[in-house]
Amino acid sequence: MATVTVTTLEGSIVDDTNQGTPVSRTASVAHSSVTSCHTLTPSPGGSPLSSRSRTEASAEDESRMPPTFSLATVLCLSVLSGVNLVIVIPTADDYAHRLGGDELFGGLMIGALPLLAMFGIGFNQLLLRQGLSLKTVLLLMSVGTVLGNLLYAVAGLTKSMWTLLAARCVIGLCNGSNLSSMYIGLTVGMRRRSEVTFYFLALNTLGYALGPALAAVLEVFVKSVHVNNLVLDSDTAPGWFMALIYLLYMAQVLLVFEDLPAELTGSEPLGKNVATDERPPMIATCAAFWDLCMSSAVNTTAEVYVVKVGQRYWGWSIVTSALFLAALMLCASISSAVMGSLTTRFMKSDRTGLLVGSLLGCAACAPLFHFDLHAVSAQAALLGVGLVLVLSLVGLIRAFALAASSKIAPASLKSSMNSWAFVSMTLGRGAGAIIGSVLSPLSFAPVVLGMFGVTVLASIASHSRMKPSDKAS
């Protein structure tokens with residue numbers, strides 16, 4: 001008969017052999033009950049080896065990563081989404097006025113993309129629930145974006161400002177930026193999800209830096225080749241350029257992206273057929289969604305405001321204002337990447353990061369106030385320093401909130417939570433474009449400070465409830 005080692009409640013050890021010799025008094029009690037049976041088969045679930053295996057498997061699951069080229073493909077989409085939103089900001093006001101629009105219409109034209117992206121999120125989620133693969137949806141969204149950019153480029157031929165608005169709406173519907181975050185939530189383990197989310201948002205911010213820089217380059221290029229007509233000029237060049245870039249992106253998706261199983265990406269809407277005990281905590285969920293909305297609103301408000309104040313108050317050209325915005329966004333992108341690496345190493349709690357980030361954001365608003373400086377260089381320097389700090393911190397808040405929103409819900413609701421998180425961000429993006437177009441140097445800082453103040457209150461109110469779900473993955 002095989003030797004079996006049994007640990008009793010007191011921790012004593014019994015050596016169950018054919019002779020059945022106990023090694024202690026408490027062991028003899030266990031031995032007597034064991035020898036009353038002819039054999040003793042250890043339970044696989046109770047053995048130290050299998051327990052160790054389960055622990056190792058759980059650790060591997062928490063640290064899992066997707067294929068490198070597939071992750072790079074979805075991260076490229078985050079860059080392109082950022083570029084596509086802001087590349088028109090330096091020329092939007094001029095394009096709108098040329099076709100009969102005003103200042104507010106220019107802001108609405110910029111904000112139409114993220115506002116319609118809210119409906120686009122529902123649309124691509126519907127396609128996924130109908131059984132389409134993630135790769136197919138990525139390709140369909142890219143085709144729609146190409147068509148939207150082409151319509152934006154030829155809007156001058158129609159001589160109607162509504163064509164501009166329609167083109168931006170089409171691009172928004174086919175934006176698909178939520179697919180990147182959904183892919184990260186489904187394929188990256190909880191241990192590295194905050195880190196990868198930081199990189200995703202840093203690349204998105206890099207797109208916001210590349211957009212204005214590309215607008216400036218296209219402006220210089222069009223003027224250098226002496227082309228200025230209804231089909232190609234500094235206003236329409238962003239549309240042609242982005243259509244070409246998305247065609248190249250489609251080729252990347254076809255060649256290197258490894259698809260996910262349809263049953264993994266197709267999920268039920270949030271709250272449908274879900275047990276009450278599986279629903280995420282309401283206060284924590286609302287706080288996370290507000291953080292995402294606020295951080296996106298501040299981002300777009302700052303972008304639109306910088307171009308407006310540069311061209312209207314400081315007399316800058318399209319190229320100068322675009323390069324200034326690009327420099328600010330590049331600094332914020334680098335700062336977000338550095339903070340992402342440091343905070344994920346030293347700050348283990350997402351909720352603590354949200355509270356600290358919002359408090360620092362309130363302090364960072366100080367340089368944004370209007371100090372009535374006479375030199376434009378001094379005004380630009382002070383505004384630039386303040387905006388780099390603010391944009392870096394809203395990037396920190398957005399990353400922590402996005403990571404927290406995927407952890408406070410059970411695994412069955414992860415995809416739906418991701419969709420609602422991106423609805424919050426696109427709502428903030430759309431509102432921020434409109435807000436930034438109407439703000440002045442006197443009202444800009446108080447508005448931004450007020451947003452951070454509400455975020456501090458939301459972080460305090462939700463701090464005790466924003467904990468990872470036991471069923472999260």
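Predicted model: local features only at pLDDT ≥ 70, side-chain atom pairs only at ≥ 80, totals over all residues.
The packing of helix 6 against helix 8 is considered at the outset. Helix 6 covers residues 134-153 and helix 8 covers residues 161-173; their axes come within 8 Å and cross at roughly 165°. Because angles over 145 degrees count as roughly antiparallel, helix 6 is roughly antiparallel to helix 8. The crossing of this pair is left-handed. On the side of helix 6, the contact is made by Met141, Gly144, Thr145, Gly148, Asn149, Leu151 and Tyr152. Helix 8 contributes Thr163, Leu164, Ala166, Ala167, Arg168, Val170, Ile171 and Leu173 to this contact. Divided by class, the residues of the contact between helix 6 and helix 8 are nine nonpolar, five polar and one charged.

A further pair is formed by helix 9 (residues 178-187) and helix 10 (residues 190-224), which pack at an angle of about 160° with their axes 10 Å apart. Helix 9 is therefore roughly antiparallel to helix 10. Helix 9 passes helix 10 in a right-handed crossing. From helix 9, the residues in contact are Ser180, Ser181, Ile184 and Gly185, and they meet Arg193, Val196, Thr197 and Phe200 of helix 10. Three nonpolar, four polar and one charged residues make up this contact.

Helix 15 (residues 350-364) packs on helix 16 (residues 376-407) at an angle of about 160°, and the axes of these two helices lie 9 Å apart. Helix 15 and helix 16 are therefore roughly antiparallel to each other, and their crossing is left-handed. By class, the contact of helix 15 with helix 16 has twelve nonpolar, five polar and two charged residues.

Rolling a probe the size of a water molecule over the atoms shows where empty space is left. The structure holds five cavities of 30 Å³ or more. The volume of the largest cavity is about 220 Å³. Its lining consists of 19 residues, and those nearest the centre of the largest cavity are Ser177, Asn204, Tyr208, Phe422 and Arg429. Two or more lining residues of the largest cavity come from each of helix 3 (68-86), helix 5 (103-129), helix 10 and helix 17 (414-438). Nine nonpolar, eight polar and two charged residues make up the lining of the largest cavity.

The second largest cavity has a volume of about 180 Å³ and is lined by 13 residues. Nearest the centre of the second largest cavity lie Ile89, Asp93, Val304, Val307 and Lys308. At least two residues of this lining are supplied by each of helix 4 (89-98), helix 5 and helix 13 (282-313). Helix 13 gives the most to the lining of the second largest cavity, with five residues. By class, five nonpolar, four polar and four charged residues line the second largest cavity.

Definitions and conventions. Residues numbered from 1 in each chain as written. Heavy atoms only, no water. Axes fitted to C-alpha atoms, helices over the stretch in contact; angles between N-to-C directions. Helix = DSSP H or I, 4+ residues; strand = E, 2+ residues; numbered from the N terminus. Parallel < 35°, antiparallel > 145°, perpendicular 65-115°, else oblique. Left-handed = near helix turned anticlockwise from the far one by under 90°. Contact = heavy atoms within 4.5 Å. Nonpolar A, V, L, I, M, F, W, Y, C, P; charged D, E, K, R; others polar. 1 Å grid on protein atoms, 1.4 Å probe; cavity = no way out; pocket = protein on both sides within 12 Å on 5 of 7 lines; lining within 4 Å. Points joined across faces, edges and corners; volume = space filled by probe spheres on them.
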